[in-house]
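Me: I would like to learn how to read the features of a model. Can we go through one together, step by step?

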Amino acid sequence: MTRAFLVVMDSVGCGGAPDAAEFFNGATPDTGANTLLHIAQACAEGRAEEGRSGPLKMPVLDALGLGEAVRLASGERAPGLDAAPTGRFGAATEVSPGKDTPSGHWELAGVPVPWDWHYFPNTHPAFPEEVTRAACEAAGTEGILGNCHASGTRILADLGAEHMRTGWPICYTSADSVFQIAAHEETFGEARLQDLCKTLAPMLHQMKVGRVISRPFVGSAEEGFTRTTNRHDYAIAPPEPTLCDWVQGAGRRVQAVGKIGDIFSMQGIDEVRKGRDAVLMDHLFDFVDEAPDGSLTFANFVEFDSLYGHRRDVSGYAAALEWFDACIGRLLPKLREGDLLLLTADHGNDPTWTGTDHTRERVPVLCAGVGAGSIGQVAFADVAASVAAHLGVPSRGPGRSFL
């Protein structure tokens, strides 16, 4: 019996989305955004020299077809990504009306989003009075801090000390469909923060806000504030059974690595392992060693997006890509005969682009263990159908297998 490992490189887009002009960073449309191409160009031109140096080095993924995926998606050739592919490769196009984490992951798992997400306006206050009132009541406070669009790190620098003084939660949003709450793990309490998010989530999900996100932090005004790894996403549930449900419903096991459990509200998932990306890579290696026949391991590596894309850190993003490539190079020989490793992404987050938001892009699709050759341009939902076909599990939804 075969196994499947579906790995999402969060935000590692490759340009060319046909509807990019309909998505924006501020007033600038995403037309021309291309995460991989622009990182590779910056490296080749010596503009990504902090903590690493020279052209972008991703020989393992390039051998699977990464450079060719960029060309398929956008018609552009990325400097340094010019290997002759030895794996199956293609580029996938999203149809869901969002460039966010749930939209991308759900569609990759076979379920395009059937509604428009609710986004809070970039005003102050950003939240309706009923949301603010519910947050105060649930927190047991007279008010909230923030109530605006903000960078998660910047708002801690701006309001962390006031939060410590007042005990009021810091509530903020972004260009994504999210309601985020930051609070100090020790003085406010992590359990209290999680309870607050869980209490507010049903109301916000009813509004079609995609996620309520807890953002615990530690530190002091004197030493500065730092977010911890105890973030939790309370996501709206997928509207239909996803790939995870298909596999679990066939009596197979589904393991999740990273924030997959949060994204799918634990539907169709048997086990979750979390941590920073370096720890997640260890978990992925463990599952390659331990996962039972017929199982699906679904992983998300978020730090490309959270640490480097949103912060427009080209050098950091390039270094993370090179680290990931080296890890996959060590992983490939551990795969068993009949295993499928499918590497893809959920959206773009071009660190050379204006603003701080995700960018609307096609994404690479790279397959190891199933031969070589181009699959061409495919749909996000085709990823789910292909994984299901590899596992011999019935699929639902609009996707068609490219294997």
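**Reading the features**

Reply: Start with the record: UniProt places the feature "binding site" (unreviewed entry) at Asp10, Asp346 and His347. These residues span 338 residues in sequence, yet no two of their C-alpha atoms are more than 7.1 Å apart, so they gather at one spot. UniProt positions follow the numbering used here, feature names are shortened, and annotations may be inferred rather than shown by experiment.

Me: What kind of model is this, and how are residues numbered?

Reply: This is a predicted model: local features need pLDDT of at least 70, side-chain atom pairs count only at pLDDT 80 or more, and totals for chains, interfaces and linings use all residues. Residues are numbered from 1 along each chain as its sequence is written, and side-chain values use heavy atoms, with hydrogens and water left out.

Me: Where is aspartate 346 placed?

Reply: Aspartate 346 sits in the loop between β14 (340–344) and β15 (363–368). Helices (H or I, at least four residues) and strands (E, at least two) are DSSP runs, numbered from the N terminus.

Me: Which feature does UniProt place at residues 3–393?

Reply: The unreviewed entry gives "domain: Metalloenzyme" there. The end C-alpha atoms of residues 3–393 lie 11 Å apart, and the span is 37% helix and 21% strand.

Me: Which domains does the domain assignment give?

Reply: Domain bounds come from an automatic or database domain assignment. Here it gives domain 1 (3–114 + 239–391) and domain 2 (129–235). Their C-alpha centres lie 29 Å apart. The contact (heavy atoms within 4.5 Å) takes twelve residues from domain 1 and ten residues from domain 2.

Me: How do I read the interface?

Reply: The size of an interface is often given as the accessible area lost when the parts come together. Domain 1 and domain 2 bury about 880 Å² between them, 49% of it on carbon and sulfur atoms. That area is taken with a 1.4 Å probe and summed over both parts. On the domain 1 side, α4 (101–108) and α9 (260–263) each supply at least two residues that touch domain 2.

Me: How many salt bridges are there between domain 1 and domain 2?

Reply: Side chains of opposite charge can pair when their charged atoms come close. The rule asks for a side-chain nitrogen of Lys or Arg within 4 Å of a carboxyl oxygen of Asp or Glu. Between domain 1 and domain 2 the count is zero. The whole structure has 24 salt bridges. One of them joins aspartate 339 to arginine 3, with the closest N and O atoms 2.7 Å apart. Aspartate 339 lies in the loop between α12 (314–331) and β14, and arginine 3 in the segment before β1 (4–9), so the pair ties together parts that are 336 residues apart in sequence.

Me: What about the backbone?

Reply: The peptide bond from histidine 124 to proline 125 is cis, with omega near 5°. Proline 125 lies in the loop between α4 and α5 (129–139).

Conventions. Buried area is the accessible area (1.4 Å probe) that two parts lose on being put together, summed over both.
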